[in-house]
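Have the viewer open as you read.

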Amino acid sequence: MQSRADSPGTDMDAALLARAVELLDDVPAWRLPPAAWSRPAAAVEALAAAYDAGDGGALEAAVARLEVLSPNRVGRITDPADVPPPEPLRERVTALVHILDEPGGDTAGEADGQDDRR
């Protein structure tokens, strides 16, 4: 991902970005059947792509899609076989929350795990 300061996403609606962060913050607590995680993972990738492209409409659609997939929304009965998100999805969600929640923050060091803030 590119630097937040250079990203077209910096012009996106703050309320939409806050909604995305709030939703992404909940994802690690979700429990779904193992085979069901591909749909939330695809929605998270769509959200990231929309943000990177600076496409507010696509971002709003991706957030709405992820909201619909939330197990909290549908009130489903949990199954003991349900599992938390796979590790790659948890890592992606954590990175996105960091990017979306820090206006003007530089994400260039994220790929190698370094934090450039002083």
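Start with Arg19, which counts as partly exposed at 29% relative accessibility. This is a predicted model, so keep that in mind as we go. Arg19 makes a salt bridge with Glu67, with 3.0 Å between the closest N and O atoms. Since Arg19 sits in helix α1 and Glu67 in helix α3 (residues 56–69), the pair ties together parts that are 48 residues apart in sequence. Glu67 is partly exposed too, with a relative accessible area of 27%.

Now for the other bridges; the count comes to three salt bridges. Glu45 and Arg92 pair up at 2.9 Å, N to O. Glu45 belongs to helix α2 (residues 38–53) and Arg92 to helix α5 (residues 87–101), so here the parts tied together are 47 residues apart in sequence. Arg90 and Glu87 also meet in a salt bridge, at 2.2 Å from N to O, but both lie in helix α5, three residues apart, or about one turn of the helix.

Zooming out, the chain has five helices and zero strands. Of its 118 residues, 34% count as buried. Among contacts between residues at least 6 apart in sequence, 74% join residues at least 24 apart. The chain exposes about 6,600 Å², with carbon and sulfur atoms supplying 52% of it.

Notes. Residues are numbered from 1 along each chain as its sequence is written. This is a predicted model: local features need pLDDT of at least 70, side-chain atom pairs count only at pLDDT 80 or more; totals for chains, interfaces and linings use all residues. Side-chain values use heavy atoms; hydrogens and water are left out. Helices (H or I, at least four residues) and strands (E, at least two) are DSSP runs, numbered from the N terminus. Buried means under 20% relative accessible area, exposed over 50%, partly exposed in between (1.4 Å probe, protein chains only). Contact means heavy atoms within 4.5 Å. Accessible areas come from the Shrake-Rupley method with a 1.4 Å probe; for residues, only the protein chains shown count as cover. A salt bridge is a side-chain nitrogen of Lys or Arg within 4 Å of a carboxyl oxygen of Asp or Glu.
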